[in-house]
Amino acid sequence: MKNLIPLSLIFLFCQTATAQFPGFGGSKSKKIEGKITGTLTDSITNQSVAYATIVLTKAGSTKEINGVLSEENGSFKLSEVSTGKYDILISFLGYQEKMINNVELTLKDPDADLGNITLAPVSYILDEVEVSEKRALIESTVDKIIYNAEDDSSVAGGDATEVLRKVPSLSVDLDGNVSLRGSNNVRILINGKPSGMFSSNVADALKMFPADQIKKVEVITSPGAKYDGEGSAGIINIITKKANIEGVAGSINASAGNRSSNANTSLNIGKGRFGFTANSSVYWSLPIDATNSFLRTELFTSDTSYQYNGITNTERLGFNGSASAFYDFNAYNAINSSISFRGFGFDQNGTASGEIFGNGFNRITSGDNLFSGYDWNTDYTKKFAGNDKQELSFAAQISGNIQNQENAFMETGSLFRDEQIENDGDNLEITAQVDYVHPVGKANKLEIGAKTVIRDIDSDSEYRPFDGNDYLIDPSRSNVFFYDQDVYAAYASYNFYIGKLNFVTGLRFERTEIGGNGALDDQNFKNSYDNYLPNIAVSRSFKGFKTLKLSYSQRIQRPSLFFINPFRNTADIGNVVVGNPLLDPEVTDQYELGYNTNVLGFTIFSSFYYRHTRDIIEQVNVTENMLSLNTFNNVGENHSIGTNIFTSKTIGKFTIRGGGDVYTYNANGVIDGEEVSNNAISYRLFTNGEFSFTGTLKADFFGFFQAPRFTLQGENASFSIFGIGFRKDIKNASIGIRIIEPFFERKNFDSDITGNDFRQITMFSIPFRSFGINFRYKFGKVDFKERRSKIRNSDQKGGQGDGQGGGQGGGQGGGMMNNG
């Protein structure tokens, strides 16, 4: 009943708002829609200017109504424009911005042809080499960095991991752990809303997401009050390709290789004010053998208590599908709804041999893992006549995530075990949200809103040892755990100008109520806590694409099921993993100074930051019966400083981009009753680029290196990757090839952890060199335009790749890792 009260209040507010803001429907005066056309040329060379941005606003307003990019021949068309007076802003890197005021469309003359429009180039000269800029692949705004993935041909046929590895400040390792400036405390959104697909195994979820469906990626390092307080390092928002079209358009993509293959299709249908989009994809990786080893040594005696060497064979298969539709009732009222389904899993079979306390053993394992789920959301948006900046919106979302993990083990020798272990987890999440934007003057705006998230999480684990005749449930170890996490939030944010300074400041309040119910004493609890999360950002833009910004924000990071699940995974008897339902949230204060500029045609993005995190959540390894027990604790605090830089340059037909991050890990805390600390420096380097042989034949490359990342107990493996590709465009189709790691057949990953009385070393090796061919075909003509849900559930610390795809906290530890 307590959960219904906040929802009832929001519903009552919605009804009240409807009564207070008439005009949701009703008759309107007759309208006709027209178009605005024109052609862009360079004022010096008279050549066409392609991919320039054309933005349409009401005369005297800065609110964007519509926008397009110019075509290859410089032409552009703004369609479905109502009668009235408009201003048109034209911008492109390397050219001075141009504003065309008071373009009028009337009932008598609904179309306007602006003819030839010349743009004056900004003079960039380097060694007398002429530099011609394309649309920027990387953009920066007051609160985010944007990577325009659809403009990067090198990601064709790949998956989301390849896209994220090319985004400044992001890192994706072999297990799919996504980090921002060295921190895994990020929240991944799809079109501004959460998806249950990332609440379990991030690695497999990213592999299931085709790169060809990604329009752009937004990295928000200092989220404002309107965003959920979760994601202490920031938010990653993946924007997919959606379209407003008249007629039918779509695409078919397929990629085949010696390691993995995938295929995806999309269909877009539009008629008047109605639009429909559908996507589907399938992913399959061939069986692959990985070698792994584990060694635990007791520090006081130098004896080896547990060690093994083994081989694990893994095969992966997955699919996803989505459909969305929108309808504009009129110029002021619109509804948008979407639904998606997904499923991905992997089968593993392994053998290992080793010693425990000096006695030999052999092990045979098999596992079936399936992760599936769905997301449904609907948004209603109301705009107001007389002020297109005023907006009221309501949103609702239902998200479900289902995890089924079945494993069987047979051990002989000094260890004797014939057992089956099963863990099923269900996560149901219901969200309701209301947001209101009120303009203040010509340039300022006030944003307020409220949100409720109700989460019900269940974990059912069964242990079935073989009794000589059958596999029977062991009730002493089996358990059903129920976990509730409810969040009630409200916020206010104000965006305003003082002179040439742009300020964004706000405050968000979040109340969290949690409760657990299970068979064990420490699984029965209730708790609640309140957080007031302030933020402020100020920026100043200068001529020549220069921007200076300073920001402060406080964020929290709640533990998800991956961390709190009390399922005790004994798949590896000497390296057990169990979650901790009593974890507190992390709290982070972050300060950031950023500067973007353009010098001699080099586009440069840079920032310097300081981040202080309290109650940091880390996986800790402690001793239990002289063997390893892995769990999660609030171990202490971390003071981290860092800097990152990104630059790009285009000269003729060659474009190169590169950059990196350097940051510190300065943490101290308590593990297993002992005070510990670790001070280290880590870094990340990346580069990518492309060369255009002709307008239809291109080559590209990318490289990435992540130095070892640190915890209070040691360091995790470094990771690097290099790839090259070629692509040929043929009318509405293209064909390409990709080669990953042409110089190295395998990759090795080592980790080294030290506790009070032990040292643990794990080593893992997989085949990595891969070759693939990609084919893409498009039909119809699409003008892509974003339509995003208002819901952004970014309030949980998501699970990382756990080495066995185990989305729940009981996934296996460092003994065996995913096969990438």
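Analyst: Happy to. Threonine 378 counts as buried because its relative accessibility is 18%, and the cut-off for buried is under 20%. Please keep in mind that this is a predicted model.

Threonine 378 belongs to strand 21, which covers residues 359-384. What does the side chain of threonine 378 make a polar contact with? Its partner is the side chain of serine 337, at 2.9 Å.

The structure holds 26 aromatic pairs. One of them joins phenylalanine 646 and phenylalanine 686 in a stacked arrangement, with 6.0 Å from centre to centre and 10° between the planes. Phenylalanine 646 sits in strand 32 (residues 627-651) and phenylalanine 686 in strand 34 (residues 674-692), so this pair ties together parts 40 residues apart in sequence. Both phenylalanine 646 and phenylalanine 686 are buried. Elsewhere, ring pairs link Phe704, Phe719, Phe749, Phe764 and Phe768 into a cluster.

Rings also meet charges here. Arginine 296 lies over the face of phenylalanine 758, 4.3 Å from the ring centre. Likewise, arginine 316 has its charged end over the ring of phenylalanine 346, at 5.0 Å from the centre of that ring.

Now for the nonpolar cores. The largest has 38 residues, and Tyr147, Leu164, Val178, Ile214, Val217 and Ile236 are those with the most contacts inside it. Leaving aside neighbours within four places in sequence, isoleucine 236 is in contact with several residues, among them Leu164, Val178 and Val217, as well as Arg187 and Glu218. A second, separate core of 21 residues includes Phe92, Val103, Ala112 and Ile117.

Asparagine 102, in strand 6 (residues 98-105), has a phi near 55°, a positive value in a residue other than glycine. Aspartate 615 is not a glycine either, yet its phi is positive at about 55°. Aspartate 615 is placed in strand 31 (residues 602-624). Is aspartate 615 buried or partly exposed? With a relative accessible area of 35%, aspartate 615 is partly exposed.

Technical notes
Residues are numbered from 1 along each chain as its sequence is written. This is a predicted model: local features need pLDDT of at least 70, side-chain atom pairs count only at pLDDT 80 or more; totals for chains, interfaces and linings use all residues. Side-chain values use heavy atoms; hydrogens and water are left out. Helices (H or I, at least four residues) and strands (E, at least two) are DSSP runs, numbered from the N terminus. Buried means under 20% relative accessible area, exposed over 50%, partly exposed in between (1.4 Å probe, protein chains only). A polar contact is a pair of N or O atoms within 3.5 Å; within protein, one must be able to donate a hydrogen and the other to accept it, and residues adjacent in sequence count only if both atoms are side-chain atoms. Rings of Phe, Tyr and Trp (its six-membered ring) pair if their centres lie within 6.5 Å; planes under 30 degrees apart count as stacked, over 60 as edge-to-face and the rest as tilted. A charge sits over a ring if NZ of Lys or CZ of Arg is within 6 Å of the ring centre and within 35 degrees of the ring normal. A nonpolar core is a set of buried Ala, Val, Leu, Ile, Met, Phe, Trp, Tyr and Cys residues joined through side-chain atoms within 4.5 Å. Contact means heavy atoms within 4.5 Å.
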